[in-house]
Amino acid sequence: MGAFVLFVCLLVPFLLVCAVCGRRKAGPSAAADACGGGGLQLPPGSMGWPYVGETFQLYSSKNPNVFFNMKRNKYGPIFKTHILGCPCVMVSSPEAARFVLVTQAHLFKPTFPASKERMLGPQAIFFQEGDYHAHLRRLVSRAFSPEAIRASVPAIEAIALRSLRSWDGQFINTFQEMKTYTLNVALLSIFGEEEMCYIEELKQCYLTLEKGYNSMPVNLPGTLFHKAMKARKRLGAIVAHIISARRERQRGSDLLGSFMDDREALTDAQIADNVIGVIFAARDTTASVLTWMVKFLGDHPAVLKSVTEEQLEIAKEKEATGEPLSWADTRRMRVTSRVIQETLRVASILSFTFREAVEDVEYQGEP
Ligand code: HEM
């Protein structure tokens, strides 16, 4: 078998993994060998049409989970397909996902379909390994450590209160509103409070990028993909402006400050790719957790009552002193914290992710 790319998918409530034949290393002929002609046994499934594979079926199903479920019902939890330019194997059992992500993780490397990599930025953390990856991990972790985020609690509270006020008396779509909230918190965590003049344009560009992220990767004027790529370019330019303004003054403890740290400085392009990457990683995931929390609290009135009492007690104290919420207050939210932990445990947040095999891989005696 040539090199295989693997998509790892968390499909509610299953973990789905896909392996793609030879997009990067092996080239089309080796991929074709691996996907049929080379005498290797791949799992059941269909490779669809030449080059496009089953990409149209994926897009026409609107929601990727519908496509994955349909295939899963037909072929079982492990099946081959060809989507987004990659011949692949998808895996949706917890055992196979553990094999790929934990026990045999050394046989795989991170990857994304090329169109998505171009959109997020090729130097973003998701596509890296080795020293550069470890370096980025350190810079991101530092910016989200308790010490770094402690002072942001009042500003995050202000964003939450603004959202709550805007919902008053309205019928809202919880996930959409949580996405607005998490985008605002993400931008605050990345750029701090001083770059507000750029924030609206950043948001607009990011929303255009997001609309095109799952579109068919056809870069022709008028397509969602083309608009997204233009927005991506503009985002890079805005981040470059902010970086040069930042160089004139003291660095903050936000993510941009961490990326710009003198001793460990990244290039402007590396910073832009990773800023966009972190918004991408942080936003929908957190919005999804918050939405699931609202649902679970609705399902469990007794827990909702305990959380409400805990929150009201702190709110009353704050009202009496006139002080904003502090880091120390968040440490006292024991019931709320447990609800967050339980939501993370129970809900399936990330539908799927991708891996590429670095060598031939056999799973349960099959290649
Ligand atoms: C609570 C909601 C979140 C969930 C469920 C979640 C889940 C995940 C998962 C499963 C991965 C691994 C993906 C893979 O290996 O293919 C990942 C990676 C990542 N997440 Fe999150 N995430 C969440 C929130 C955040 C936030 C708030 C940030 C902001 C810093 C963030 C930053 C990242 C980064 C930078 C990576 C790449 C790590 C690496 O390649 O080493 N995530 N996340």
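The following legends describe close-up views of a predicted model.

**View 1. Strand β6 and its partner, strand β5.**
Strand β6, formed by residues 353-357, is mostly covered, with 5 of its 5 residues buried. T353, R355 and A357 point one way from β6, while F354 and E356 point the other way, and all are buried. Strand β5, residues 108-110, runs antiparallel to β6 and is joined to it by 3 bridges. In one of these pairings, F108 of β5 has A357 of β6 as its bridge partner.

**View 2. Helix α9 and the helices around it.**
Helix α9 comprises the 18 residues 174-191. At 1.5 Å a residue this helix should span 26 Å, which agrees with the 26 Å between its end C-alpha atoms. The buried residues of α9 include M178, Y181, L183, A186, I190 and F191, and also K179. Buried residues of α9 pack against α8 (153-167), α10 (196-213), α11 (224-247), α12 (255-259) and α13 (268-299). After α9 comes G192, whose phi is positive, near 75 degrees.

**View 3. Helix α10 and its cover.**
Helix α10 has 18 residues, and its first and last C-alpha atoms are 25 Å apart, close to the 26 Å expected at 1.5 Å a residue. Its buried residues are L202, C205, Y206, L209 and G212. An α-helix has 3.6 residues a turn, so residues three or four places apart point the same way. The cover over the buried residues of α10 includes α5 (114-120), α9, α11 and α13.

**View 4. The shell around the ligand.**
Around the ligand lie 14 residues, of which A281, A282, T285, I349 and T353 come nearest. T353 also belongs to the buried strand β6, where it points the same way as R355 and A357. Helices α6 (130-143) and α13 each supply at least two residues of the shell, and the largest share, 6 residues, comes from α13. By class, the shell has 10 nonpolar, 3 polar and 1 charged residues.

**View 5. The largest nonpolar core and another core apart from it.**
The largest nonpolar core has 41 residues, among which I190, L235, V275, I276 and I279 touch the most other members. Helices α5, α6, α9, α10, α11, α12 and α13 each supply at least two residues of this core. Not counting residues up to four places away in sequence, I279 touches A186, I190 and Y206. Apart from this core lies another, of 18 residues, among them F68, A96, V100 and F108. F108 is also the bridge partner of A357 in β6.

Notes: Residues numbered from 1 in each chain as written. Predicted model: local features only at pLDDT ≥ 70, side-chain atom pairs only at ≥ 80, totals over all residues. Buried ≥ 20, exposed ≤ 12 C-beta atoms within 10 Å, placed from the backbone. Helix = DSSP H or I, 4+ residues; strand = E, 2+ residues; numbered from the N terminus. Pairing = 2+ DSSP bridges. Expected span 1.5 Å × (residues − 1). Contact = placed C-beta atoms within 7 Å. Near = placed C-beta within 6 Å. Nonpolar A, V, L, I, M, F, W, Y, C, P; charged D, E, K, R; others polar. Core = buried A, V, L, I, M, F, W, Y, C linked by C-beta atoms within 7 Å.
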